[in-house]
Amino acid sequence: MKRTREKSKSKQGIAASKKWMVVSLAGLLFIAPVVGSGVPLNGHSISSIASAASASVVKLDESPVTSGAMLTKYKFTTTRSGKQATALADVIRVDLQNPYVKIDVMNGKNGQFTTKQSTGGMAKENGAVAAVNGDYFNTTADGAPIGGQVTNGVLLSTPSDIKGMYSFAVTTDGKPIIDEFAFSGTVTAEDGSTFPLAGINKTSYNPESSGQTYSHVDAMYIYTSAWKSTERPKNSATTPVEVLVQNGVVTQISDVGGFTGMSVPQDGYILRTHGKAAEFVKNHLAVGQTLKTSYMLNSKTMGQSVDPANLQMMIGGHTILVNNGKATSYSRDVSSIGGYRARTALGYSKDERYAYIVTVEKNDNSSGMSLGELQSFMVDIGVWKGMNLDGGGSTTLVSRPLGDNDATLTFNTEYGTEQRSVVNGLGVFSEAPKGELKGLKVSGSSAILIGQQASFKLKGYDTYFNPVDTSGLTPTLKSSNGNIKVSGQTVTGVKPGTSTITAVSGKASASMEVKVLGADDLTELNAGSQTGQLQAGSTVSVPVTTVTKDGQKIDVPESALKWEFIGFKGSVQNGKLTVASVDPNVKVGYAIARYNGFSTAVILSAAGEDMWENFENVSYPVQFTSNNPQVSGTAAVTQGTGDHAKSKVLQLTYDMTAGTGKMYAYAELNGTAGKTIAAPATRMSIDMMGDHSLNWARAELKDNNGQTVYVDLAKTIDWDGWKTLDIDLSDKGIAFPAQLKRIYVVNVEEGQDERAKTGTVAFDNIQFTMPSLSSDAGLPTGKVMMTIGQKSFTSNGQSKTMEAAPVMKGSSTYIPIKYVLDTFGGQATWDAANQRITVTRGGKVMDLTVGNTDFILNGKRKGASVAPYISSGRTLVPLRLVSEQLGLNVKWEQNTKTVTIES
């Protein structure tokens with residue numbers, strides 16, 4: 001293991017101004033009056049036990065990570081507000097009696113505090129085969145844990161004086177402990193005088209039981225070389241006197257103000273003192289004298305003392321969750337860490353043999369858990385005693401797949417593949433010697449697209465489930481059926497379904513199942529451009545990507561797509577659509593790409609996007625505003641940077657550090673009036689410079705009916721630099737002309753500590769696809785009235801007859817869609833082989849399948865409660881669903897059983 005093995009040794013003036021500060025602690029929220037720039041920590045009411053609804057837990061999969069460590073995936077199903085909800089949990093069970101596996105705490109970069117790092121980064125740096133995020137921390141402070149930490153038998157951080165915060169520890173003889181600890185220590189001068197130690201390597205905070213308001217007032221702390229920063233600590237509201245101790249001897253004593261710019265040497269520590277502690281230094285310490293320290297951890301629940309030297313590891317957390325195999329009352333108020341979130345927890349079994357590292361996913365595949373549900377789940381899988389760790393956006397699990405060399409992200413975090421930087425993490429380490437070859441496995445993607453090529457390798461693992469070098473093996477690959485074609489070391493998806501890929505090398509072989517994804521496995525299909533110009537010779541870039549139901553974004557091979565052209569003749573080659581000729585009298589053309597039947601469309605028309613604002617000649621005022629008086633910032637048109645250095649941009653800076661709750665930073669256009677979007681728009685594109693703050697970017701419009709419409713530009717600003725955002729406005733119900741009033745950044749209250757409170761973003765080249773310029777131009781308007789059970793109907797006041805009368809089924813009306821499109825424009829085509837209706841109207845392309853409540857609208861899978869069906873040889877569609885998706889208004893008159901459709 002590549003871990004720090006340093007042994008910890010034992011280590012004026014308060015500003016008068018008073019203000020309120022909110023400190024967000026990775027899920028904890030504390031509000032307190034502070035002095036100067038001191039950091040508050042208070043609040044400790046105990047909540048009653050949370051209860052989870054009746055739930056079930058099913059084991060989905062398990063795989064060894066190394067000898068003594070097993071990774072298991074569970075599905076947790078429960079009922080919330082009368083509806084079924086599911087969550088996925090990933091648990092590593094570690095055998096504490098197995099000599100070949102060990103759990104230990106990692107922190108920051110190079111094993112130092114004040115240097116946060118991702119869980120995966122710490123695992124890689126320290127050689128962990130698996131790792132999870134660790135303790136809570138004050139996101140505005142130095143970057144050190146709130147709780148205690150023992151790494152490799154060395155006490156690196158002491159518990160803070162905060163009530164109800166539990167820790168997980170393992171003794172040197174392999175026994176797990178979950179308890180609430182306090183720290184006590186003493187410094188003894190050469191003359192025999194003593195002074196109490198307040199802690200080791202601590203950030204500033206508000207103690208809750210010591211009688212002091214601020215942690216570092218009148219206090220003495222030790223800082224070791226595990227503390228990288230030369231500020232010990234920042235924002236303490238105190239001015240220190242510091243003492244450098246090397247090899248047990250005082251070598252330097254600072255003036256008031258401490259050692260400026262001095263790092264703690266490896267062979268010593270710095271004693272950081274203030275007030276009464278500084279007086280002790282003045283009266284009892286001198287350069288050249290010896291200095292001794294002693295300290296213990298004290299159990300708050302048992303009243304017993306624990307020598308840190310008898311601990312192999314320790315990590316701090318939050319509330320206790322499980323005790324004696326049952327959900328227990330919270331030891332601390334949990335209102336700030338509520339909701340259905342990703343979760344991280346630790347526990348151990350009744351016989352004290354197994355430690356459980358528990359993570360709960362919150363992503364596209366999993367709804368997260370409440371704390372009460374987490375308690376229920378932990379009890380169900382055998383946890384006897386357990387506690388909560390930092391969760392939400394911090395929850396991250398990396399693990400080494402069997403046969404691989406490195407630990408990788410086990411599941412997507414709340415921010416996708418983004419791993420939050422944290423102060424410490426818990427690692428699982430293999431202590432095993434090199435073993436003999438135990439088994440082989442096929443390594444490669446478990447899911448591919450039709451036409452997609454993938455490579456598979458044969459990997460090996462030894463008797464301790466650690467990787468074995470198999471680079472000398474060149475396996476032969478075989479497929480169990482025609483779903484996948486094999487050529488050498490490459491396989492290609494042929495048709496949807498599952499195949500077994502077998503790799504054979506000599507007498508050794510291994511197999512894995514690989515799924516070729518079909519339409520039912522997708523949620524989106526997106527072309528590089530959604531609009532284009534309908535003119536002979538015009539070209540449009542149309543590389544196609546898909547998003548699968550488990551959140552993967554995959555480039556679709558051109559060979560897997562079937563293109564259909566309506567209203568023009570064209571071709572697609574190398575990701576480029578070329579219009580060869582336009583059919584007579586056609587104003588709108590459709591290029592429809594299908595992957596296994598799942599469609600997306602490029603809408604071509606005589607004109608396309610309109611450059612609405614490029615900020616080169618802005619004649620209206622732009623100003624910064626916020627919903628919170630504590631939020632500050634600027635909004636101005638200024639010279640751009642990076643890719644937009646040669647143009648002017650709208651720049652928005654914000655500082656939310658003093659605010660609380662949901663906070664907004666607005667760039668307001670033209671005062672409260674906004675700037676007019678004169679014609680109906682179906683799409684919006686905007687260039688945005690991100691700041692990787694993980695905040696939310698939105699725009700606010702006011703439409704012609706006086707309604708406020710909020711448009712998401714990016715749910716998460718997870719990039720730096722410039723990128724173009726494309727936003728679909730067609731389903732927003734905006735009545736035009738409308739006013740674009742504000743573009744802004746939101747930092748929501750839940751998980752607020754996980755996002756940056758300061759930052760700078762910028763916007764440029766706002767364009768709208770205008771219906772008057774594009775695909776919806778010239779669509780007929782009118783009014784159609786139909787009555788249930790009657791074939792006669794009126795279209796714009798004229799009586800007409802349809803082949804099949806409208807039918808009421810359940811609470812929905814069904815008709816042949818043809819009679820709606822005849823009045824309002826558009827067309828429908830029927831694919832008998834796939835039982836699919838494709839409806840095109842203006843900028844909309846809609847696929848509906850008989851008997852299927854899912855439908856595809858402009859490349860996006862959407863769900864409904866109704867589906868088309870066939871009656872007497874005719875296909876009937878749900879009238880309201882289809883009409884409203886096409887932009888029409890539907891009204892129902894119960895007394896006369898009449899449906900009115902208008903545009």
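**Figure 1. Strands E16 and E19 within a predicted model.** Strand E16 (residues 220–223) and strand E19 (residues 268–273) pair in an antiparallel manner through 4 bridges; pairing requires that DSSP find at least two bridges between two strands. Strands (E, at least two residues) and helices (H or I, at least four) are DSSP runs numbered from the N terminus. Tyr 223 stands opposite Ile 270 in E19. Both strands belong to an open sheet of 5 strands with mixed pairing, ordered E15-E16-E19-E17-E18. Its edge strands, each pairing on one side only, are strand E15 (199–200) and strand E18 (249–253). The model is predicted: local features need pLDDT of at least 70, side-chain atom pairs count only at pLDDT 80 or more, and totals for chains, interfaces and linings use all residues. Residues are numbered from 1 along each chain as its sequence is written, and side-chain values use heavy atoms, leaving out hydrogens and water.

**Figure 2. The loops on either side of E16.** Asp 218 lies in the loop between E15 and E16. Its phi is near 55°, a positive value in a residue other than glycine. Asp 218 counts as partly exposed because its relative accessibility is 24%; the class lies between buried (under 20% relative accessible area) and exposed (over 50%), with a 1.4 Å probe and protein chains only. Pro 233 is placed in the loop between E16 and strand E17 (241–246). The peptide bond that joins Arg 232 and Pro 233 is cis, with omega about -20°. Most residues other than glycine have a negative phi, and most peptide bonds are trans.

**Figure 3. Asn 324 in a loop between two strands.** The loop that holds Asn 324 runs between strand E23 (320–323) and strand E24 (326–327). Although Asn 324 is not a glycine, its phi is positive, about 55°. With 45% relative accessibility, Asn 324 counts as partly exposed.

**Figure 4. An open sheet containing E39 and E42.** The order of this open sheet of 4 strands is E35-E43-E42-E39, and its pairing is mixed. Strand E35 (447–449) and strand E39 (476–479) are the edge strands, each pairing on one side only. E39 is joined to strand E42 (residues 497–505) by 4 bridges, and the two run antiparallel. Ser 479 stands opposite Ile 501 in E42.

Figure 5. Phe 736 and Pro 737 are linked by a cis peptide bond with omega near 0°. Pro 737 is located in the loop between strand E63 (720–728) and strand E64 (738–747).
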